Amino acid sequence: MTQELINSFRELRENLIEPAPITSGKLVRGVGLTLEAVGCHIPIGGRCLVRTVNGKVEAEVVGFANNVTYLMPVESIQGIVPGSMVEPLARDAGLPVGENLLGRVIDANGHPLDEKGPIKTKLRASTSPPPINPLQRKPVSEPLDVGVRAINSVITVGKGQRMGLFAGSGVGKSVLMGMMTRGTTADVVVVGLIGERGREVKEFIEDILSEEERKKAVVVAAPADTSPLMRLKGSETAVTIAEYFRDQGKNVLLLIDSLTRYAMAQREIALAVGEPPATKGYPPSVFAKLPALVERAGNGNEYQGSITAFYTVLTEGDDLQDPIADAARAILDGHIVLSRQLAESGHYPAIDIESSISRVMPQVVSPEHQIAARDIKRVYSAYQQNKDLINLGAYAKGSDPVIDLSIAAAPAINAFLQQQTLQVIGFEQSTETMTTLASGLKATGR
């Protein structure tokens, strides 16, 4: 029996594939965003140092073909020459996480940007954790107060829900995110500013967030002038931090601005290593990474908290059929559409409640709340669909009682949906005002 075991172990050992040694290599080609190296055996996702005439620059392995390894620099590099040495780095120990992150502004690697000194944490977390068993997640059953009346009342969001903010450029996405950051009852707010203008990072922190609000917020910044690798990693860093606080039993509000820039960063990387474009120039890996990122948010198990996530989606030319917008709508639990027409008319926040929906709203509000919200949306929609006829004077009063009601109620509904930027309107106050408005609509319609 002992000899049989010895023979079995010997056979297993002979059949084991020895891991390739991690050795140094050299650059043989550099084109566009990618560098090509030979002689180094580094796994995909591994980090290395590239020697340049200006010093060493960090890069990450993003692919390989035969004996050629494709590298993506972490930052813009100069001074690369043919034959530059490529030295592997030790395996990444993970992202530092902890309570000391609160009130700080960090980059995609977790390094501080706010000049408040180093961030001292004892724990580290993987930026690519295994997926959560869907059967272990708590159901979405409680509303989350975000401090915005239009969302609290008509598009109610639940704790653990994933929502999309769909809008073109310049219609108030960042301002709405700031309103939610100020008004939410969540324990922790994690903001990921991904691929946006560098100017907006400081404005968001200093103009939109007060000193008190910053104490429960973590801001991860990877602006447009960083490498696509850092923009990709910035989103994952924000989600990793949110996961840490959720695992501590806290309710987290996660704001990613924007999911489109995340997809564009992956497109840049994929095209650079030779992946063929598929839908409107986006390679297949983009549509594989989007659900992997989004699914990390949501509720944890019964001992954990929740991550309620809002992802802004930039609709180019206000086209809601953009491939990223279309893919995001399919994997999210609802969407809030910001209207350029409303924004241009001075209606803020420019939320188009007719085109917006929360898929979990029936699970988190009472039947009376749902009926009141439906009545307001019905009257609002009737006015919007007949607005041109009404403005031209082509509609004859008395032709349709619903349209007559919508004309009479339009000023009240518009006033209800608008809100000052620094104003915070809680969930209960929003519900009471909505119920009063809905009751008035019924009385007027009789």
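Helices (H or I, at least four residues) and strands (E, at least two) are DSSP runs numbered from the N terminus. This is a predicted model, in which local features need pLDDT of at least 70, side-chain atom pairs count only at pLDDT 80 or more, and totals for chains, interfaces and linings use all residues. Residues are numbered from 1 along each chain as its sequence is written, and side-chain values use heavy atoms, leaving out hydrogens and water.

Which residues of α4 (residues 198-208) are buried? They are Glu200, Val201, Phe204, Ile205 and Ile208. These residues lie on the same side of α4 because they cover an arc of only 130° around the axis, where the arc is that of the directions from the helix axis to the C-beta atoms. The buried residues of α4 pack against α3 (173-183), α5 (211-214), β8 (105-106), β11 (188-194) and β12 (217-222); contact means heavy atoms within 4.5 Å.

Now turn to the barrel. Six strands close into it in the order β1-β2-β5-β4-β3-β6, with antiparallel pairing; two strands pair if DSSP finds at least two bridges between them. Strand β1 (residues 25-31) is joined to strand β2 (residues 34-38) by five bridges, and glycine 30 stands opposite leucine 35 in β2. Helix α6 (residues 228-247) packs on this sheet, touching β3 (47-52), β4 (55-65) and β5 (68-73).

What about the inside? In soluble globular proteins, nonpolar side chains tend to be buried together. A nonpolar core is a set of buried Ala, Val, Leu, Ile, Met, Phe, Trp, Tyr and Cys residues joined through side-chain atoms within 4.5 Å. The largest one has 58 residues, and Phe310 is among the members that touch the most others. Not counting residues up to four places away in sequence, phenylalanine 310 touches residues including Val146, Met180, Leu254 and Ile336. A second, separate core of 51 residues includes Val190, Ile194, Val252 and Ala328.

Finally, step back to the whole chain. The chain has 15 helices and 17 strands, and buried residues make up 50% of its 446 residues.

Methods. Buried < 20%, exposed > 50% of the residue type's maximum accessible area, 1.4 Å probe, protein only. Axes fitted to C-alpha atoms, helices over the stretch in contact; angles between N-to-C directions.
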